[in-house]
Amino acid sequence: MKGKVVLFALAALFFISCGNNCCTEKKQYDQQYFDQLDSTLKSYTREKDVNITYIDARNLNLIGKALPTPEFSHRIDTCEYKGFTKGEKNQAISGAGLALVFKTNSPVINLDPEFGWELEALNTMPMAYRGFDLYIQKDGKWLWAASKANWSKEHRNHKEGGFNLIDCMDNEEKICLLYLPMYSELKGLKVGVAEGSYIEAIDTPFRHKIVFHGSSFTQGISISRAGMSYPTQFSRKTGLGIIPLGFSGNCKMQPYFADFLEDVQADAFVFDSFSNPGAKMIYERVETFVDRMVASHPGVPLIFQRTIYRESRNFNCRKMVEEQARQDMSDSMMKELCKKYKDVYYIVADATSEDHETSVDGTHPGDYGYTLWARSIEKPILKILAKYGIK
């Protein structure tokens with residue numbers, strides 16, 4: 001008898017927790033239901049249902065540049081600033097971290113890009129290095145909306161003209177953040193909306209100006225789409241205006257990079273300076289580089305990051321020694337420089353999970369790894385910035 005009471009109680013608990021939807025009411029999937037569903041789906045505006053009108057993206061607000069440049073997606077004017085190698089020039093004219101901000105009530109957004117120099121890579125998706133990444137504000141937060149790239153000119157599926165980024169949206173006003181291709185030169189861009197809709201430039205929705213200068217990590221190599229580098233994730237999460245100046249394989253505290261950074265006025269600088277140079281180069285260059293940054297930006301917080309644990313060192317003994325020497329050298333040098341300068345800081349970044357499953361190629365994290373990186377530096381950076389009234 002006692003057993004039957006227990007079973008009855010469990011059954012009653014199941015029906016109570018299950019609710020009316022799954023246990024007391026059976027939904028009728030008849031023809032009327034499917035007709036109504038089909039009618040609802042057809043009510044949304046698709047790209048093919050409307051005429052598209054384009055505007056030049058230069059009429060919108062492009063954010064993310066450290067200094068103005070004459071060309072649309074160039075991050076550094078390499079005609080004014082000299083010394084860059086051919087590879088560094090290609091990176092300087094790529095749009096990593098640059099984004100358009102605008103508002104529109106269009107249910108459809110199309111893009112018509114004109115590319116100059118284009119990258120082709122094995123460890124980064126084409127969606128990132130030649131594609132566009134759209135976020136839209138919802139309830140005060142940035143919510144991913146769409147990502148897309150058209151085929152390169154060399155591909156058999158390439159088509160001239162614009163392509164649809166997203167359709168079937170509502171007709172309400174939307175605040176949009178559109179990241180440009182991470183690692184290709186964009187000579188021009190047209191943004192298309194449904195005929196009769198509006199699209200307008202808006203002021204930047206981000207606060208302050210924080211420059212992130214660093215390696216391929218800061219540029220975002222191995223991300224799946226253009227808005228997933230750790231600086232852009234950090235920016236969306238904190239609301240701070242980030243200027244990403246990542247240069248894959250080429251952030252080695254070169255004098256000509258210092259020339260450019262000396263001319264950039266910002267509220268703070270965050271450096272990923274120890275990922276590309278080896279231990280000897282760090283020893284030879286870091287003090288001079290820090291001296292120049294302090295002299296050109298008095299009273300401005302200069303935050304240096306320890307390079308992350310690269311998972312290629314898990315079993316490669318040479319990599320283990322090389323990477324540990326790099327980290328040990330920056331730890332040693334920065335300890336002294338932080339004592340020397342009150343506005344110089346050193347923090348530890350981390351892009352590795354407990355199971356070491358975040359790497360794409362042994363060096364670069366994937367999207368999740370960069371999310372971990374952004375999370376790892378958020379609290380220490382915000383704590384430092386708060387000392388300077390930067391919130």
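Student: How many cavities of 30 Å³ or more does the structure hold?

Tutor: One. Keep in mind that this is a predicted model, where local features need pLDDT of at least 70 and side-chain atom pairs count only at pLDDT 80 or more, while totals for chains, interfaces and linings use all residues. Residues are numbered from 1 along each chain as its sequence is written, and side-chain values use heavy atoms, with hydrogens and water left out.

Student: What makes a space a cavity and not a pocket?

Tutor: On a 1 Å grid over the protein atoms alone, a cavity is a set of points where a 1.4 Å probe fits but cannot get out, while a pocket is an open set with protein on both sides within 12 Å along at least five of seven lines. The largest cavity here has a volume of about 40 Å³, volume being the space filled by probe spheres set on the points, which are joined across faces, edges and corners.

Student: Which residues line the largest cavity?

Tutor: Ile 308, Tyr 309, Arg 310, Glu 311, Ala 351, Thr 352, Thr 358, Ser 359, Thr 363, His 364 and Pro 365. To count as lining, a residue needs an atom within 4 Å of a point. By class that's four nonpolar, five polar and two charged (nonpolar is Ala, Val, Leu, Ile, Met, Phe, Trp, Tyr, Cys and Pro; charged is Asp, Glu, Lys and Arg; polar is the others, Gly among them).

Student: What about the largest pocket: how much space lies in it?

Tutor: About 390 Å³. Of its 16 lining residues, Gly 140, Lys 141, Trp 142, Arg 236 and Lys 237 are the closest to the centre. Helix H7 (230–238) and strands E5 (132–138) and E6 (141–148) each give two or more residues to that lining, and H7 gives the most, with four. These names come from DSSP runs numbered from the N terminus: helices are H or I with at least four residues, strands E with at least two.

Student: And which helix gives the most to the lining of the second largest pocket?

Tutor: Helix H5 (residues 126–129), with three residues. That pocket has a volume of about 300 Å³.

Student: Why are H8 and H9 called roughly parallel?

Tutor: Helix H8 (residues 255–263) and helix H9 (residues 279–296) pack at about 15°. Angles run from 0 to 180 degrees between N-to-C directions, with axes fitted to C-alpha atoms over the stretch in contact. Under 35 degrees counts as roughly parallel, over 145 as roughly antiparallel, 65 to 115 as roughly perpendicular and the rest as oblique. H8 and H9 are therefore roughly parallel.

Student: Then why are H7 and H11 called oblique?

Tutor: H7 and helix H11 (residues 367–386) pack at about 55°, with axes 8 Å apart. H7 and H11 are therefore oblique to each other.

Student: Which residues of H7 make the contact with H11?

Tutor: Tyr 230, Gln 233, Phe 234, Lys 237 and Thr 238. Their partners in H11 include Tyr 370, Trp 373 and Ile 377; contact means heavy atoms within 4.5 Å.
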